[in-house]
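Consider the model below with its charged side chains and its strands in mind. The text takes up the charge pairs and then turns to strand pairing and backbone angles.

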Amino acid sequence: MSDSFSDIQQQHNQLRMFALAPAVCLVLAIPLVFFNIKAAFLAIALAALIHLLVFRPQARKYESAVNQACLQATVCRMLDADSVSETGGNFFREQTITDSDLMPPPADRTRPLFCWQIQGKRKGLSVSLCDATILHKYSSLSGKERVHYSSGVWAHIKLPKDSGRYFLVIDEAAMPAAIWDTHISQKPQYRRTPINDPELAERLAFYPSAEDEMQQLSDSFLQSLKRLVNYTPGYVAVSVRGTQMDVFINGRFLSRKIKVSQELQPNDLQFDPFPELSYLTTLAAALS
């Protein structure tokens, strides 16, 4: 951890120098306006080039390093994971979305964006996490084509044994009704059923599959789901299919925006960006 923080500090010091260089060029350009207008324009152009070609790439590199170190110190440690991958495509595919039945596939000629992927184990469960963004197109009531982005954390959990459960639970605020209604109408195996909990029934829709053994949620699952829903500021969607559970929390992310102007403190790397992980494993355990 000390080595990571030292490297990040060094990157931040370099970044401050790169941020100062354009400012120096602009300050020099002010008196040059009165003596040599061409030189003044060259100084302004140089400032713009330094900012675009040097400062911004280094700022993105710094933000990536901070997120990497933070995830390794928190989520990776909880999952006993060796590493985190900033780029997507390792553990998640478009098929992951399709198989879950949680939402329609991405719009034509688009691909889901998966990044910050982590895979590990917690409490006997195999857990994969990533930030996911999926683009959907739909028609509004006026007939105009609209675009909606579903962005958040996607969790794919392999259960230790077949739960015998096949159902969907979705927060009705997770996506526009036009998208969800069209999607679920193409899945005739799911039939909406009231949830045996008045508080959850106000915001969640429950769709057991025809092959589901119970056709209702167990008390332990309901209580675990309620704790998750009450805790997270995001919108929860859950899919359970035998030995697998997928959870998409719209509006929550593993990565976070880093203020490059603010100096990082050692305890900042201990900030857990996704405390919902413990709630998810408890939710999965309630299926056994």
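K257 and E63 join their side chains in a salt bridge, with 3.7 Å from N to O. K257 sits in the loop between β7 (244–250) and α8 (276–285), and E63 in helix α2 (residues 37–73), so this pair ties together parts that are 194 residues apart in sequence. The term salt bridge stands for a side-chain nitrogen of Lys or Arg within 4 Å of a carboxyl oxygen of Asp or Glu. Helices (H or I, at least four residues) and strands (E, at least two) are DSSP runs, numbered from the N terminus. K257 is exposed, with a relative accessible area of 71%. On this scale, buried means under 20% relative accessible area, exposed means over 50%, and partly exposed lies in between, with a 1.4 Å probe and protein chains only.

This is a predicted model, in which local features need pLDDT of at least 70 and side-chain atom pairs count only at pLDDT 80 or more, while totals for chains, interfaces and linings use all residues. Residues are numbered from 1 along each chain as its sequence is written, and side-chain values use heavy atoms, with hydrogens and water left out.

The salt bridge rule gives a count of 9. Side chains of opposite charge can pair when their charged atoms come close. One of the salt bridges links D171 and R203, at 2.5 Å from N to O. Here D171 belongs to strand β4 (residues 166–171) and R203 to the loop between α6 (198–201) and β5, so the contact ties together parts that are 32 residues apart in sequence. D171 counts as buried, at 4% relative accessibility, whereas R203, at 29%, counts as partly exposed.

A further salt bridge is formed by the side chains of D246 and R241, at 3.0 Å from N to O. D246 is buried with a relative accessible area of 0%, and R241 is buried with 14%. Salt bridges also link D197, E199 and K226 in a network.

Next come the strands. Which sense does the pairing of strand β1 (residues 113–122) with β2 take? The two strands pair in the antiparallel sense, over 8 bridges; two strands count as paired if DSSP finds at least two bridges between them. Within this pairing, Q119 has S128 in β2 as its bridge partner. The hairpin of β1 and β2 has 2 residues between the strands, and K123 in this hairpin takes a positive phi near 55°.

β2 also runs antiparallel to strand β3 (residues 145–158), and 14 bridges join the two. In this case V127 stands opposite I157 in β3. Of the 15 residues of strand β2 (residues 125–139), 11 are buried, so the strand is largely enclosed by the rest of the structure. In a regular strand the side chains alternate between the two faces of the sheet.

W116 is not a glycine, yet its phi is positive at about 55°. W116 is placed in strand β1, and at 5% relative accessibility it counts as buried. Q215 is likewise not a glycine and has a positive phi of about 65°. Where is Q215 found? Q215 lies in the loop between β5 (204–208) and α7 (219–231), and at 33% relative accessibility Q215 counts as partly exposed.
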